[in-house]
Amino acid sequence: MSQKASTPKGTRDFSPSEMAGRNYIFETIRDVFARYAYLPIETPAMENLTTLTGKYGEEGDKLLFRILNSGDYLAASGKFDEQGNSLGPLNTAGFTNLICDKGLRYDLTVPFARYVVQHRGDIVFPFKRYQIQPVWRADRPQKGRYREFYQCDVDVIGSNSLLYDAELLQIASEVFSKLSIPVTIRVNHRRILAGIAEYLGSPEKFREMTTAIDKFEKIGADGVNRELKQSGFGDEAIQKLLAVLNVNAEHATEMMHWLEAEVLSGSETGLSGLQELKTVFGYLECQLPADALKTFAFDPALARGLSYYTGTIIEVKANGVGIGSICGGGRYDDLTGVFGMPGVSGTGISFGADRIYDVLNEMKLFPPAIETSARVLVVNFGKQEEAFALKTVSRIREAGIAAEIYPEAGNLKKQFSYADHRKIPLVLIAGPDEISRDHLTLKNMKSGEQIHMHNKDLIAILQKIE
RNA sequence: GUGGAUGUAGCUCAGCUGGUUAGAGCGUCGGAUUGUGGUUCCGUAGGUCGUGGGUUCGAGUCCCAUCUUCCACCCCA
């Protein structure tokens, strides 16, 4: 009896043509990271549950994949008989903690914080690392939302310098420019949001306020109004907030001036956040050409959910594609505190490789040439010619050119058709005629042109065709 | 986790209110062309109609369950 072949919900296989696209993304991102002098690390797919829980809020904890312990834990618990009947009161949470103590990582930032604390003796600060690995979330899948997906994280830990905030923004700008994806990079500061909450007279409702404004673009002013009312904001406060969201400032500097004068003047926190952002934008102006600067937008309505951000926050969306954010991040002042290493500031961003793939695919922005396997196919004529063909294919490989020989003899039609399907640009023909004269025939599959050459000139000619 | 759609050949889909052997295009493979692919022509193969139950004389079509994918909420890369 055969069973149905399938992958678990929200997970996928990647075939060679998809891997070509994925590797193109990973290589592009890795190149940029490395050029800014970030160093690679990897951490295990699973972490202790104590490392993961409580870091992503209540919702996040629900989305953790937990790994069942091995062993006879039921007998050990003493709460169940052999038929599985409960012998005493034990709630789900308690039971879960009893039977599993490991989980799949939910992101790369928290494992990185754990890594930093654990290796603090070996690390030279500020530590710049990158990490490209899959993460898992037990979310309900949708388009652009998977249960297993790759994040490409770059973080700096152990420095308060805003130069790094600016550097990461520059990295984001460069990655998307290299991938030719038109994006908007929205930037805000958590302390500006805190200042706005003070301005509204409800600093304690900071959380409710940020989750409401985060939806501004999606649900509009009316929707935000409703949300805020539900959270207990007064009408006056709501009007003040909507006025902030509706300010139509063309340039970041205009918006900043207005906020400084009208909204944040009474909030020390808010003003300090604004000052930091000004500094960051100042650095960007030094580092980036004008057309790259245009992709950045200061947006006081950007909130971002993750609770550990404390400073600059950033989010990137592809223009004109209905896929969520493809990159996000920010500064966190005390991520390592929970692991017993307080007062270490970090800043980082994360690229969503799978969503970037979807964007490139939807916008048809993948370069055409990334999928070739071999550059040369050597035709197989049969027993008599095989030895010659094998020697030739080895010579080509030794010259650093990807080559393969067709596995079966005869039927040239089939062999050429194979080269066509595989997008192999060159076919080398070494049949009886050629071998007898120590010659070769090379066909260019794109132009259809064939050239004859002496056997000894092969490598030189192939290298010239490059 | 809550609510709603979806599933027919490898791919994109058709199949009217239940009614004989479930169709098309593209692709595959073979031939026209045994030393030449991409175009053309001819032909071939390929289907547990997502899966499991049920209603019915009869189910791709109706009902229930389940899985997948997608959409909204929640949240997020």
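The surface near RNA strand B has ten nonpolar, twelve polar and 19 charged residues. Here "near" means that a residue has a heavy atom within 4 Å of the strand. Ala, Val, Leu, Ile, Met, Phe, Trp, Tyr, Cys and Pro count as nonpolar, Asp, Glu, Lys and Arg as charged, and the others, Gly among them, as polar.

This is a predicted model: local features need pLDDT of at least 70, side-chain atom pairs count only at pLDDT 80 or more, and totals for chains, interfaces and linings use all residues. Residues are numbered from 1 along each chain as its sequence is written, chains are lettered from A and ligands numbered from 1 in the order written, and side-chain values use heavy atoms, without hydrogens and water.

In total, 41 residues surround RNA strand B, with Arg-137, Lys-143, Arg-145, Met-445 and Gln-450 the closest. Sugar and phosphate make up 51% of the RNA strand B atoms that come within 4 Å of the protein.

| Residue atom | RNA strand B atom | Distance |
|---|---|---|
| Lys-143, backbone N or O | phosphate oxygen | 2.4 Å |
| Cys-327, backbone N or O | sugar or linking oxygen | 3.3 Å |
| Asp-433, polar side-chain atom | base oxygen | 3.0 Å |

Strand E6 (148–157), helix H17 (412–421) and helix H18 (432–437) each give two or more residues to this surface. H17 gives the most, seven. Helices (H or I, at least four residues) and strands (E, at least two) are DSSP runs, numbered from the N terminus.

The backbone has a cis peptide bond from Phe-125 to Pro-126, with omega near -5°. Pro-126 is in the loop between helix H6 (109–118) and strand E5 (127–136).

Note on methods
A polar contact is a pair of N or O atoms within 3.5 Å; within protein, one must be able to donate a hydrogen and the other to accept it, and residues adjacent in sequence count only if both atoms are side-chain atoms.
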